[in-house]
Amino acid sequence: MSSDADPVLAVDDLRKRYGETVALDGVDLAVADGEFVAVVGPSGCGKSTLLRVLSGLEAQFDGRVAVGGTDVRAGGSDDVGMVFQEPRLLGWADVRENVAVGLPADVDPERPAARDRVDDLIETVGLDGFADSRPDELSGGMAQRVSLARGLAYDPAVLLLDEPFSALDRLTKADQQDHLLDVWERRGTTVVLVTHDVEEAVYLADRVVVLDGQPGTVASVVDVDVERPRERADPDLVALRREVTDALGR
Ligand SMILES: Nc1ncnc2c1ncn2[C@@H]1O[C@H](COP(=O)(O)OP(=O)(O)OP(=O)(O)O)[C@@H](O)[C@H]1O
């Protein structure tokens, strides 16, 4: 997919420092509407920092970062939903209440339209029948799907995911990856996924951005030009995995 025309996410010459530590140095990235981009890189190269900047959680940086044409420092982050490695659910609240936390602040979660929206999201992530369950009644994969529904509650233009499946066992992980693909395909949300897992990146993404170094810079961008639905064992995917791994090792 081309990212040339009006990218929904535009990062130009991003430089981010924490005191003396430069975390990112001159990162450029353009993500097209509806595109699925994975960001991989070794520990400490600034992957989470990049997501934090994109989400508006970090206001101090040099360069330009815009979502939907609006600078994130000027409210562009309203168009961004975030899913973290840990589901970060409210233990005392049920699934419906946990998803409703992600609704825009001016929406009363008790209003019928808001309840319908939340129930629709719960169904979207495949948790029908669990709306009244509490987090301790859910498996790890289910809890992560609540977190995904919460991230979608704002109906964001861009969904940012920071290693959302890394704490899950292999089978649950594969299941959740397919679930995310399903949600992405049905909703058309633009996705930026940070992961350590090259296999996951290549299986899911249209493009894999390899970050490297300290400070982090874009070392390589690998297009995953493989038709969907994909087979994990597809020789083209296996070859692309090698290409990404080689780029990481350089
Ligand atoms: N709040 C902070 N204060 C100071 N330094 C920080 C802070 N957050 C990140 N850093 C530093 O910025 C650099 C990039 O960190 P970041 O967490 O973005 O990397 P990462 O690629 O996500 O790592 P990992 O894969 O281990 O999560 C590291 O050198 C880290 O120590």
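Which residues does Thr189 touch, not counting residues up to four places away in sequence? The answer is in point 5, after the setting of that residue has been described.

1. Basis of the note. This is a predicted model, in which local features need pLDDT of at least 70 and side-chain atom pairs count only at pLDDT 80 or more, whereas totals for chains, interfaces and linings use all residues. Residues are numbered from 1 along each chain as its sequence is written. Helices (H or I, at least four residues) and strands (E, at least two) are DSSP runs, numbered from the N terminus.

2. The six-stranded sheet. Six strands form an open sheet of mixed pairing, in the order E6-E7-E8-E3-E9-E10, where two strands pair if DSSP finds at least two bridges between them. Strand E6 (80-83) and strand E10 (217-223) each have a single partner strand and stand at the edges, so one side of each is left without a neighbour in the sheet. On average, and with direction ignored, neighbouring strands of this sheet are turned by 20° against each other. Strand E9 (residues 207-212) pairs with E10 in the antiparallel sense over six bridges, and Arg207 stands opposite Asp223 in E10.

3. Helices on this sheet. H1 packs on the sheet, touching strand E3 (36-40), E6, strand E7 (158-162), strand E8 (190-195) and E9, and its direction makes about 150° with that of E7. Helix H4 (residues 140-152) also packs on the sheet, where it touches E6 and E7, with a direction at about 170° to that of E6. Contact here requires C-beta atoms, placed from the backbone, to lie within 7 Å; axes are lines fitted to C-alpha atoms, for helices over the stretch in contact, and angles run from 0 to 180 degrees between N-to-C directions.

4. Strand E7. Five of the five residues of E7 are buried, a residue being buried if 20 or more other C-beta atoms lie within 10 Å of its own, exposed if 12 or fewer, and partly exposed in between, with C-beta atoms placed from the backbone. Both faces are covered, with Val158, Leu160 and Asp162 on one side and Leu159 and Leu161 on the other. Four bridges join E7 to E6 in a parallel arrangement, and Met82 stands opposite Leu160. E7 also pairs with E8 in the parallel sense, over five bridges, with Leu161 opposite Leu193 in E8.

5. Thr189. This residue is found in the loop between H5 and E8, and Thr189 counts as buried because it has 20 C-beta neighbours inside 10 Å. Not counting residues up to four places away in sequence, Thr189 touches Pro156, Leu159 and Trp184. Thr189 and Gly34 are 155 residues apart in sequence, yet their C-alpha atoms are 5.3 Å apart in space.

6. The four-stranded sheet. Four strands form an open antiparallel sheet in the order E2-E1-E4-E5, with E2 and strand E5 (70-71) at the edges, each pairing on one side only. Strand E1 (residues 9-18) and E2 pair over eight bridges in the antiparallel sense, and Leu14 stands opposite Val27 in E2.

Conventions
Contact = placed C-beta atoms within 7 Å.
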